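The following paragraphs lead through the fold, from a single residue to the sheet and then to the helices packed on it.

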Amino acid sequence: MESRGSVPAHPVPYEGVWRFTAPAVDVSVPQARHAVRDLLNRQGVPVEDDVLQGLLLIVSELVTNAVKHAALLSPELAVEVAIGAEWIRVSVEDNHPYRPTALVTDYAQTGGRGLLLVREVTAEAGGTCDVEHTAGGGKIIWAALPLKTQL
């Protein structure tokens, strides 16, 4: 008998999609980070520590961006965590129409490089990230990382 691919017969127990909302205020940044970490622990996701730390940094940066740059038009943000057998995707959605771009490194500035940091952490882990428009005119910024470090 011929086998094509490695699709598991049954989904792994930690697979799923979780979504929560939070006000676009500063305190939501650590709350979102802790909520994502607690979700992964509760679901028993076998994520390597360096991938987990990168993922939590990404969550912090994306929520911070929504709080700092979108709160005026989007007083609430949504964080979504989607977990597959070999990957994890986090996204932050807000209702502000502006689609940010990663800034170049400017060492004279003390901020403004969050999306650049997200791209770098994502690439280093072997993942992908992007910004998409929503049907309602807002945006979703997401990053998907493999659960295991890429060699």
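In which strand does V17 lie? V17 belongs to strand β1, residues 16-23, strands being DSSP runs of E with at least two residues and helices runs of H or I with at least four, both numbered from the N terminus. The model is predicted, so local features need pLDDT of at least 70 and side-chain atom pairs count only at pLDDT 80 or more, whereas totals for chains, interfaces and linings use all residues. Residues are numbered from 1 along each chain as its sequence is written, and side-chain values use heavy atoms, with hydrogens and water left out.

V17 is exposed, at 56% relative accessible area (exposed is over 50%, buried under 20%, partly exposed in between; 1.4 Å probe, protein chains only). Beyond its neighbours within four places in sequence, V17 is in contact with E80, V81 and A82 (heavy atoms within 4.5 Å).

The open sheet has five strands in the order β1-β2-β3-β5-β4, with antiparallel pairing (a pair requires at least two DSSP bridges). Its edge strands are β1 and β4. Six bridges join β4 to β5, and V131 has I141 as its bridge partner in β5.

Helix α2 (residues 49-70) packs against helix α3 (residues 114-125) at about 160°, with the axes 9 Å apart; axes are lines fitted to C-alpha atoms, for helices over the stretch in contact, and angles run from 0 to 180 degrees between N-to-C directions. The two helices, α2 and α3, are therefore roughly antiparallel (over 145 degrees). The residues of this contact comprise seven nonpolar, four polar and one charged (Ala, Val, Leu, Ile, Met, Phe, Trp, Tyr, Cys and Pro are nonpolar, Asp, Glu, Lys and Arg charged, and the others, Gly among them, polar).

Note on methods
Parallel < 35°, antiparallel > 145°, perpendicular 65-115°, else oblique.
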